[in-house]
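Work through the exercises below with the model open. Each task is followed by a stepwise solution.

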Amino acid sequence: MEGEDEVSLREQHFHSQVRESTICFLLFAVLYIVSYFIITRYKRKSDEQEDEDAIVNRISLFLSTFTLAVSAGAVLLLPFSIISNEILLSFPQNYYIQWLNGSLIHGLWNLASLFSNLCLFVLMPFAFFFLESEGFAGLKKGIRARILETLVMLILLALLILGIVWVASALIDNDAASMESLYDLWEFYLPYLYSCISLMGCLLLLLCTPVGLSRMFTVMGQLLVKPTILEDLDEQIYIITLEEEALQRRLNGLSSSVEYNIRKLEQELENVKNLKTKLERRKKASAWERNLVYPAVMVLLLIETSISVLLVACNILCLLVDETAMPKGTRGPGIGNASLSTFGFVGAALEIILIFYLMVSSVVGFYSLRFFGNFTPKKDDTTMTKIIGNCVSILVLSSALPVMSRTLGITRFDLLGDFGRFNWLGNFYIVLSYNLLFAIVTTLCLVRKFTSAVREELFKALGLHKLHLSNTPRDSETTKPSANGRQKTL
């Protein structure tokens with residue numbers, strides 16, 4: 001009997017492993033297909049040659065798609081775990097959700113951590129060096145020569161990072177045991193290195209998210225139709241039409257030898273056409289869309305931002321009085337045993353909405369920063385090098401999203417896998433400082449956003465607008481095309 005029971009347990013374990021592997025494969029396949037369509041939408045079409053470079057571009061495209069799919073999986077990891085916990089609580093004995101269990105959730109977290117390390121330290125460096133490689137001098141040109149050069153560059157990069165991390169560990173923690181543990185590549189070195197990358201990602205989120213939270217109001221204002229208050233759209237469209245016709249006549253009257261003036265007029269004509277299109281869209285919009293949708297979306301964004309700041313403020317108080325509020329505190333009751341939200345399913349849904357809202361805001365804030373402004377992808381005009389840079393940036397942000405959400409107290413779901421092994425999550429001063437900085441910077445960005453119109457009017461009333469103290473671009477900063485077709489800023 002004992003032998004039969006043991007065989008039955010082995011069969012159940014085998015079927016469970018096969019089922020979980022199939023579910024993980026199907027989920028990743030869906031994410032990969034979606035990521036492929038996203039990247040091909042922005043990839044420059046001129047990169048599609050039929051030669052050696054085409055093979056290199058295709059390999060880099062597949063690796064970038066894999067990385068973007070892993071990033072999407074990291075973003076969905078925490079919301080999927082939260083909703084799974086609530087479903088298991090609501091339907092504990094339901095036959096159709098027996099596949100949704102703690103083993104599957106833990107496996108997804110481990111796979112997300114493993115693939116994030118793989119993409120960040122192997123696949124993306126390989127894609128970049130492979131794309132830029134030409135083969136060593138003296139060797140026969142071809143794919144093999146480029147692969148050889150790429151592998152050599154990867155080995156040198158690994159040695160460089162290994163030395164930097166070893167020296168940093170020796171400086172921070174001058175202990176023989178800690179330095180000897182770095183020789184354990186798999187158990188300590190890679191998690192330690194990923195912990196450093198996660199800390200950098202959380203710091204980047206700390207910079208991008210507050211900016212994105214204030215920027216979201218502007219972005220949604222550009223996507224939606226604003227209410228027409230004391231505006232005559234017909235008159236504005238009439239004026240824009242006259243301006244468009246005047247520019248068209250000037251453009252037809254210029255000779256082809258004046259290349260700069262033609263390009264400048266074409267740019268002005270394109271701007272006028274875009275403005276005319278926006279005005280016509282506002283005119284065609286229904287009264288419900290103008291007067292109800294726009295205010296409702298703005299109020300919803302304000303509510304979500306306010307709730308995020310209030311949750312962070314409450315988490316700061318909890319950190320001061322309760323040590324279990326630390327991200328690396330005591331382990332929870334486990335998946336499917338108890339609800340981690342005070343309001344049950346409604347609270348879990350609110351946490352998921354806030355997590356997605358923070359991720360979208362962080363991406364918007366990332367591309368709004370001046371330093372990363374050139375990283376913004378353009379439809380059908382983004383090089384593979386820029387796509388690789390965008391995929392790495394999104395991977396760093398998405399991998400740090402679960403850690404930031406738990407650190408800020410947006411959710412009480414425990415970090416699983418290697419995400420919960422980061423040493424800095426147990427440092428009270430780092431966690432408290434992170435919460436304080438997020439609350440302060442977000443509040444300052446929102447105050448600055450909503451008082452910008454008042455500041456502009458004050459500057460105009462005092463005559464200070466001529467000093468360019470506001471954030472409006474200066475009139476003298478015009479773009480002039482150079483001889484090679486690129487844009488120069490004067």
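This is a predicted model: local features need pLDDT of at least 70, side-chain atom pairs count only at pLDDT 80 or more; totals for chains, interfaces and linings use all residues.

Residues are numbered from 1 along each chain as its sequence is written, and side-chain values use heavy atoms, with hydrogens and water left out.

**Exercise 1.** Determine how helices α3 and α11 are oriented.

Step 1. Helix α3 covers residues 102–132 and helix α11 residues 384–407; their axes (lines fitted to C-alpha atoms over the stretch in contact) lie 11 Å apart at an angle of about 160°.
Step 2. The pair is therefore roughly antiparallel, a label for angles over 145 degrees on a scale from 0 to 180 between N-to-C directions.
Step 3. Contact means heavy atoms within 4.5 Å; W109, C119 and F128 are among the α3 residues that make it, and I388, L395 and V396 are among those of α11.

**Exercise 2.** Classify M200 as buried or exposed.

Step 1. M200 sits in helix α6, residues 185–223.
Step 2. Buried means under 20% relative accessible area and exposed over 50%, with a 1.4 Å probe and protein chains only.
Step 3. M200 has 54% relative accessibility, so it counts as exposed.
Step 4. V396 is 196 residues away from M200 in sequence, with 8.3 Å between their C-alpha atoms.

**Exercise 3.** Find which residues of α12 are buried.

Step 1. Helix α12 has 23 residues, 428–450.
Step 2. Its buried residues include V431, Y434, F438 and C445.

Conventions
Helices (H or I, at least four residues) and strands (E, at least two) are DSSP runs, numbered from the N terminus. The expected span of a helix is 1.5 Å times one less than its number of residues. Angles under 35 degrees count as roughly parallel, over 145 as roughly antiparallel, 65 to 115 as roughly perpendicular and the rest as oblique.
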